[in-house]
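Subject: Structure for your review

Dear colleague,

My account of what was found follows directly after them.

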Amino acid sequence: MRIGFAVPQYGAFADPEFIGSASASLESMGYDSLWASDRILVPLAPSDPYPGGDGTIPEAFTTFFDPLSALTLAALSTSDIRLGTSTLNALWQPAVVLARSLASLDLLSRGRLDVGIGLGWLRDEYAAAGVPWQGRGVRLEETLDLMETLWVEEVVEHKGPLWTVPPSHVHLKPAQRPRPPILLAGFTHAALERVGRRADGWLGVALPQPYLELLWGTARQAAERAGRDPSALRMVIRLNPMIVDESADPAHVPHAGTVSQIIEYLFALSAAGAHEVFVDVQATTRSRGELLDVAESLITGLRAG
């Protein structure tokens, strides 16, 4: 199982210098990947509750560095570590513009990009971006169609419900051929079916093992129905733990726990079929030093077994 860490980008860690230096440190510690997420605002009266805890959006989200800019800084500060988005809210940008940005980042990083895409959960952000909340699934399908066309075809042409591209030359292609890996997030049947039908993997979050296995089974079955190899799919899981000094109630793990308890949970994820996990402690650590100390303790414990 590969081990990743969230690239610093929000709250007290949304600082360009620290993003670069921390990325270099995380690579030198031995992490396999760095992951960036995507928020544009925190409403005073949110349209939807935050999907976790008591539904309150973490205060750290009020300062959020652009994910592709954060990964650009990470790419320039590292040499081999993989770079991913978990998740990028792809529908907030026109597909042709997003495809160009992602191809540029893949080239800049010399083919290290994993494109993780989600639909988000906050209607307020869609309204602020001028994108309809309704019809997100259909919009995502066409976004994926158009980005793949732009990345793969010599002459690009597209005519769909949302966008029309006349026959055109778009010679900026990603370093990875035919395209970077595409990972999709989501927990509904339709989302997991889409993962199996057309993605390279699923972006999940820390959930009880039986539920993870049920969702993963849905994606694998959809891959089989689509004539694809289910064993080629990747499961990538995000953890947002609160690291504590004293052992937490097992019922609270992995949302809270000691470093040892979180490591134990990560090994359980591997047994449940996860191919990669990454940890984000930006909302639960108080300083840059503490964030890097937690990162080092986790990777040291994991590598030691």
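Predicted model: local features only at pLDDT ≥ 70, side-chain atom pairs only at ≥ 80, totals over all residues.

Angles under 35 degrees between two axes count as roughly parallel.

Helix 2 and helix 3

Helix 2 (residues 67-77) packs against helix 3 (residues 95-108) with the axes 10 Å apart and an angle of about 15 degrees. Helix 2 and helix 3 are therefore roughly parallel to each other, and their crossing is left-handed. Helix 2 contributes Leu 68, Leu 71, Thr 72, Ala 75 and Leu 76 to the contact, while helix 3 contributes Leu 98, Ser 101, Leu 102, Leu 105 and Leu 108. Of the residues in this contact, 8 are nonpolar, 2 are polar and none is charged.

Salt bridges

Side chains of opposite charge can pair when their charged atoms come close. How many salt bridges does the structure hold? The number is 18, and several of them deserve a description.

Arg 303 has a relative accessibility of 46%, so it counts as partly exposed.

A salt bridge also connects Asp 114 with Arg 82, and here the closest N and O atoms are 2.7 Å apart. Asp 114 is part of strand 5 (residues 113-118) and Arg 82 is part of strand 3 (residues 82-85), so that the pair links distant parts of the chain, 32 residues apart. Both Asp 114 and Arg 82 are buried.

Arg 238 and Asp 280 form a further salt bridge, whose closest N and O atoms are 2.9 Å apart. Since Arg 238 lies in strand 10 (residues 234-239) and Asp 280 in the loop between strand 13 (276-279) and helix 9, the pair ties together parts that are 42 residues apart in sequence. Arg 238 is buried, as is Asp 280.

Salt bridges with shared partners also join Glu 141, Asp 145, Glu 148, Arg 179, Glu 193, Arg 194, Arg 197, Arg 198 and Asp 200 into one network.

Helix 6 and Arg 197

Arg 197, a member of that network, is located in helix 6 (residues 189-198). Is Arg 197 buried or partly exposed? With a relative accessible area of 33%, Arg 197 is partly exposed. Apart from neighbours within four places in sequence, Arg 197 is in contact with Glu 141, Ala 222, Ala 226 and Arg 228. Between Arg 197 and Leu 122, the C-alpha to C-alpha distance is 26 Å, and the two are 75 residues apart in sequence.

Helix 6 also has buried residues, namely Ala 191, Leu 192, Arg 194, Val 195, Gly 196 and Arg 198. Helix 5 (136-152), strand 8 (182-185), strand 9 (201-205) and helix 7 (209-225) are among the elements that cover them.

Ser 86

Ser 86 is placed in the loop between strand 3 and strand 4 (88-89). Its relative accessible area is 6%, so Ser 86 is buried. Leaving out residues up to four places away in sequence, Ser 86 touches Trp 35, Ala 36, Ser 37, Leu 203, Arg 238 and Phe 278. Among these is Arg 238, the partner of Asp 280 in the salt bridge described above.

Yours sincerely

Key: Residues numbered from 1 in each chain as written. Heavy atoms only, no water. Salt bridge = Lys/Arg side-chain N within 4 Å of Asp/Glu carboxyl O. Buried < 20%, exposed > 50% of the residue type's maximum accessible area, 1.4 Å probe, protein only. Helix = DSSP H or I, 4+ residues; strand = E, 2+ residues; numbered from the N terminus. Axes fitted to C-alpha atoms, helices over the stretch in contact; angles between N-to-C directions. Parallel < 35°, antiparallel > 145°, perpendicular 65-115°, else oblique. Left-handed = near helix turned anticlockwise from the far one by under 90°. Contact = heavy atoms within 4.5 Å. Nonpolar A, V, L, I, M, F, W, Y, C, P; charged D, E, K, R; others polar.
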